[in-house]
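Hi,

Here is the structure I promised to pass on. Have a look at it first, and then read my notes below.

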Amino acid sequence: MEKETNYARFSTPATTGRGKRLYIETYGCQMNVNDSEVVTAIMQQAGFITTDNMSDADVLLVNTCSVRDNAEQRVWGRLEVFRLQKQRRPDVIVGVLGCMAERLKEELLENGTVDLVVGPDAYRSLPKLVAGAESGQKGINTLLSREETYADIAPVRTDKNGVTAFVSIMRGCNNACAYCVVPYTRGAERSRPAKTILQEVRTLLQNGYREVTLLGQNVNSYCWKEPGAPDNGTVTFARLLELVALLDPSLRVRFSTSHPKDMSNAVLYTMAMYPNICNHIHLPVQSGSNRILEKMHRGYSREHYLERIAKIREIIPECAITTDIIAGFCSETPDDHAQTLLLMRKVGYDAAFMFHYSERPNTKAARQFLDDVPPSLKTRRLNEIIALQNQLSLASNQRDTGKTFDVLAEGNSKRSDDFLFGRTSHNKVAVFPKAGFKPGDYVRVKITECSSATLIGDVVK
Ligand code: SAH
Ligand code: SF4
Ligand code: F3S
């Protein structure tokens, strides 16, 4: 009940916004997308109206990411645009939310353009801080919480396709990967009450949604203990996945991100048991070298990772596997890099997100290790990783050519309004002729051609 007390403390009458217009931009991961939906809900409840048009907005918010330096640079660029807008309309309020707010705190206020700095656990205080800023008081709230999960807030969906939605099941991270800023910006891990997750998914179903992605930095360590319930009141991630899948067989269920050190067989068996849980696991490896994995403090070896992959293939033979890879972490040698390329071939990833290492201030790596791989070498290694992944992705898509898949249509294809796009259970984008279908429909599509990024097919009636 702690959260409700919090809410009462920060809740503001609907007159606070008085019909003022709110514009919000979002950078970073899916969790930030979902957080912006929570922020929208809080602000609408306080009387604000959302707009997609920055030039009529009274309040400009940017929800930010700190994970790599270039993510932060993009936001500094946007703040320049907001500054120009403020020159035109000096009464406009500018707020920075999210991970950069948490990391940089007061430093952001020194920039002159910014009136508010609000960290990821302090969004309930936003209406009050906006009201303060209107009377000339710059506001900051970057308190991290051990309890806040915004469990009682129904996010206002901003993706607009009305088909797929993100649902946060936990916040924060208790791991300590040496390169990563997330534990500093998001605080300690906490799971959201299972009941509120199920209620949110039921509401999405009633509103016509057909796919949910359960989100957390490490979903495998989700654990909710129902207060007062006997021992069997414990909901693990495998159980949560099952409970969500049971809500409706026509609802697709995805999840992200799985940590290789915590991914249990129970989750794999649950996936195998329910056809509406998508056959896709995002399992970030980061590096193929044991020496680097240890230095990164990832908590698993190359052998353990490959054992998990073998188990996935054994229990769910048709499972797509994707990953994240960092090129050029501190002290990485040509041999470490070669190990990463070898491991990529061994697993045969269907897709990957690939980055060069970006030192983040105050992380363990920044404090203790030298960022000693020169930028040009990082780029060269990253390019090799990307080139290999392009081959692997193309091979994976070629293996799907000639096969038929159930595709959940999400919207019009970028190439033409006569085509729809959607995703297969494997999370691959497929483009196909409309043939009378609409977003939200499941369509049988036979794949006829592909690139490394997209499947193209015909509707099978
Ligand atoms: N919780 C997730 C990942 C969150 S961050 C997990 O543990 O897998 C998303 C990805 O960004 C990471 O998987 C990693 O590949 C990348 N990343 C994080 N910090 C980085 C840094 N300092 N430099 C480059 N890439 C980084
Ligand atoms: Fe960062 Fe590691 Fe936590 Fe992922 S598990 S958010 S990489 S500290
Ligand atoms: Fe970025 Fe924060 Fe997500 S650093 S990746 S927005 S948790």
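**What I found**

Let's start with the largest nonpolar core: it has 57 residues, and Leu214, Tyr222, Phe237, Leu240, Phe255 and Met271 are the ones that touch the most other members. By nonpolar core I mean a set of buried Ala, Val, Leu, Ile, Met, Phe, Trp, Tyr and Cys residues joined through side-chain atoms within 4.5 Å, where buried is under 20% relative accessible area, exposed over 50% and partly exposed in between (1.4 Å probe, protein chains only). Take Tyr222: beyond its neighbours within four places in sequence, its contacts (heavy atoms within 4.5 Å) include Ile169, Met170, Pro193, Val235, Phe237 and Leu240. Another core, of 22 residues, lies apart from the largest one, with Tyr123, Leu126, Leu129 and Ala133 among its members.

Before you go further, this is a predicted model: local features need pLDDT of at least 70, side-chain atom pairs count only at pLDDT 80 or more, and totals for chains, interfaces and linings use all residues. Residues are numbered from 1 along each chain as its sequence is written, chains are lettered from A and ligands numbered from 1 in the order in which they are written, and side-chain values use heavy atoms, with hydrogens and water left out.

Next, the open sheet. Six strands make it up, in the order β2-β1-β3-β4-β5-β6, with parallel pairing (helices, H or I, at least four residues, and strands, E, at least two, are DSSP runs numbered from the N terminus; strands pair if DSSP finds at least two bridges between them). β2 (49-50) and β6 (139-141) are at the edges with a single partner strand each, so one side of each has no neighbour in the sheet. Further in, β3 (59-64) and β4 (93-98) are joined by six bridges, with Asn63 opposite Leu97. Helix α3 (69-88) packs on this sheet, touching β1, β3 and β4, at about 175 degrees to β3 (axes are lines fitted to C-alpha atoms, for helices over the stretch in contact, and angles run from 0 to 180 degrees between N-to-C directions).

Cheers
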